[in-house]
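Here is a short note for a colleague opening this entry for the first time. Please read it with the structure in view.

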Amino acid sequence: MKYLCLVYSNEQTLHSLPESPRDEECLAYSEAVRESGRMIAAEALESVQTATTVRMRNGKLSITDGPFAETKEQLAGFYLVDARDLNEAIQIAGQIPAARVGSIEVRPVRTLNVPQQLRQA
Amino acid sequence: MNPEQSGPLPAVVEAIYRAQSRRVLATLIRLLGDFDLAEEALQDAFIAAVEQWPRAGVPENPRAWLVSVGRFKAIDNLRRRARFNASLAQMAMALDDRLDAQQMDQDGLEDDRLRLIFTCCHPALTPDAQVALTLREVCDLTTEEIARAFLVTTPTVAQRIVRAKNKIRDARIPYEVPAAAELPERLEAVLRVVYLVFNEGYFASSGDALTRSELSNEAIRLGRLLVEQLPEPEAMGLLALMLLHESRRPARTTAQGEPVLLDEQDRGLWNRALIAEGEALVEQALRSRRFGPYSLQAAIAALHAEAPSAAATDWAQIVGLYDVLVRATGSPVVELNRAMAVAMCDGPDAGLTLVNALLARGELTDYHLAYSARADLSRRLGRLDEARAAYGKALELAQQGPDRQFLERRLRELSA
């Protein structure tokens with residue numbers, strides 16, 4: 001059985017409270033899960049201000065700034081893709097079949113801000 | 001030393017800044033891949049020019065010189081800061097490699113301005129940010145000027161620009177003219193921004209008149225740049241539309257700033273040179289057979305421009321063009337304009353029937369010009385009570401001072 005664990009948080013306080021996790025701690029935990037053999041993929045995301053929403057309606061691609069705000073829509077799946085830039089990511093997202101009825105939020109993955117030697121090669 | 005540039009040096013540098021700084025910036029953004037780094041490099045390059053040109057003379061190709069100095073200054077700056085941050089050192093090295101591999105031919109340099117427009121007008125940025133970023137980066141308007149033109153505060157504009165630049169960097173919005181498959185939709189977004197800038201300068205009547213005509217001129221400059229670099233029919237159509245509107249600027253307001261309707265304008269005041277340029281572009285766009293809404297609107301504007309008076313206008317052809325435009329856009333505002341053309345062609349009765357049907361559909365019930373149209377047609381038919389009621393409703397909805405003055409005057413005339 002595969003599980004997707006989605007991290008929800010108030011962006012304003014994610015990094016600023018005394019108990020907020022530091023990137024080193026996040027990296028260490030993901031390494032621990034990886035070593036346990038149960039990791040498929042884990043990433044941190046850039047701020048929601050970098051989000052772009054893509055929809056395909058009647059064969060026409062619609063691109064808008066920001067995360068989707070439809071409260072009637074729920075998370076139904078995810079793709080973790082490696083694209084050259086946002087334009088390529090948008091093209092890939094636009095072809096996801098669910099883009100014809102739902103919205104695809106495209107968010108860049110954030111590189112954890114930890115010294116080089118702590119990261120895996 | 002270039003013998004043609006023998007004026008006092010600061011003036012030469014200033015002239016080159018005015019003519020070339022945006023092109024140099026566009027190229028530096030491509031080479032450095034970062035807006036802020038490029039802006040800093042542009043400043044450094046011009047500082048170097050002021051220092052070096054008096055001794056060494058103005059270089060043969062100032063633009064290439066500025067780009068070259070700017071990029072090396074940027075690498076120097078990164079190296080200096082790299083002592084404190086290891087990732088900057090890698091960035092400086094990668095940049096050095098990349099720059100060596102890059103050609104700087106004339107064609108490439110011209111494309112950079114187009115790349116910059118497409119990046120600034122990327123649909124992944126909010127529409128407000130697209131406009132602010134285009135005016136700041138492509139047109140070199142200051143943040144204060146943009147704020148004044150759009151009646152928002154300077155910090156608001158500054159924040160929009162900073163957020164947009166951050167998103168371009170963090171989400172990696174590429175610095176390129178889109179591929180052929182994406183071009184129609186992306187060009188649509190660019191044209192929308194240009195037309196929005198123009199309209200802000202032309203139709204909104206609040207704010208300083210000088211700032212506004214400046215804004216329209218910037219939009220026309222952008223339109224020319226697009227047509228020059230990317231001669232697509234709709235780019236021509238938009239430029240034609242802006243030129244034909246602009247040709248009427250001297251006639252469209254009274255000395256007191258009140259709007260003068262098209263049929264009451266002194267056509268002797270229309271700028272014939274702009275009309276001729278606009279008409280030539282419309283013809284070229286229509287001949288392509290790949291035209292869209294901008295070309296159609298420009299074709300309608302051209303028929304007005306050719307007519308010696310409102311009565312002698314080819315209204316039947318205008319109605320025909322509106323038919324196509326309604327089909328292309330599905331816009332109720334276009335339908336309203338069509339109804340007014342029908343009124344000129346077949347009489348106010350026919351026009352009023354269409355306006356009333358539109359309002360009955362409930363689509364334009366918040367739009368003051370729909371009531372103003374109903375009022376005007378009722379007045380022409382002698383139905384004065386209906387006219388008064390509709391002018392009153394239009395006045396309730398109108399925001400702009402001059403529009404209100406005009407409606408109030410009409411109401412007074414009806415009561416007299």
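1. The model is predicted, not experimental.

2. Chain B has 416 residues, and 39% of them count as buried. Its secondary structure consists of 19 helices and zero strands. The C-alpha trace of chain B spans about 80 × 45 × 40 Å along its principal axes. Among contacts in chain B with a separation of 6 or more, 59% are between residues 24 or more positions apart.

3. The largest nonpolar core contains 120 residues. Which residues have the most contacts inside that core? They are L28(B), A240(B) and V355(B). In soluble globular proteins, nonpolar side chains tend to be buried together.

4. Helix α9 (residues 183-202) and helix α11 (residues 233-246) of chain B have axes that come within 10 Å and cross at roughly 5°. Angles under 35 degrees count as roughly parallel, so α9(B) is roughly parallel to α11(B). From α9(B), the residues L187(B), L191(B), V194(B), Y195(B), F198(B) and Y202(B) take part, and they meet E234(B), A235(B), L238(B), M242(B) and H245(B) in α11(B). By class, the residues of this helix contact are nine nonpolar, one polar and one charged.

5. How many residues does each chain bring to the contact between A and B? Chain B gives 13 residues and chain A gives twelve residues. On the side of chain B, the largest share, four residues, comes from helix α8 (residues 154-170). That side of chain B has six nonpolar, two polar and five charged residues.

6. In chain A, strand β2 (residues 52-57) pairs with strand β3 (residues 60-65) in the antiparallel sense, over six bridges. T52(A) has D65(A) in β3(A) as its bridge partner. The hairpin of β2(A) and β3(A) has two residues between the strands, and N58(A) in this hairpin takes a positive phi near 50°.

7. Strand β2(A) is also joined by three bridges to strand β4 (residues 104-106) of chain A, and these two strands run antiparallel. Here the bridge partner of T53(A) is E105(A) in β4(A).

How values were computed: Residues numbered from 1 in each chain as written. Chains lettered and ligands numbered in written order. Predicted model: local features only at pLDDT ≥ 70, side-chain atom pairs only at ≥ 80, totals over all residues. Core = buried A, V, L, I, M, F, W, Y, C linked by C-beta atoms within 7 Å. Buried ≥ 20, exposed ≤ 12 C-beta atoms within 10 Å, placed from the backbone. Contact = placed C-beta atoms within 7 Å. Nonpolar A, V, L, I, M, F, W, Y, C, P; charged D, E, K, R; others polar. Axes fitted to C-alpha atoms, helices over the stretch in contact; angles between N-to-C directions. Parallel < 35°, antiparallel > 145°, perpendicular 65-115°, else oblique. Pairing = 2+ DSSP bridges.
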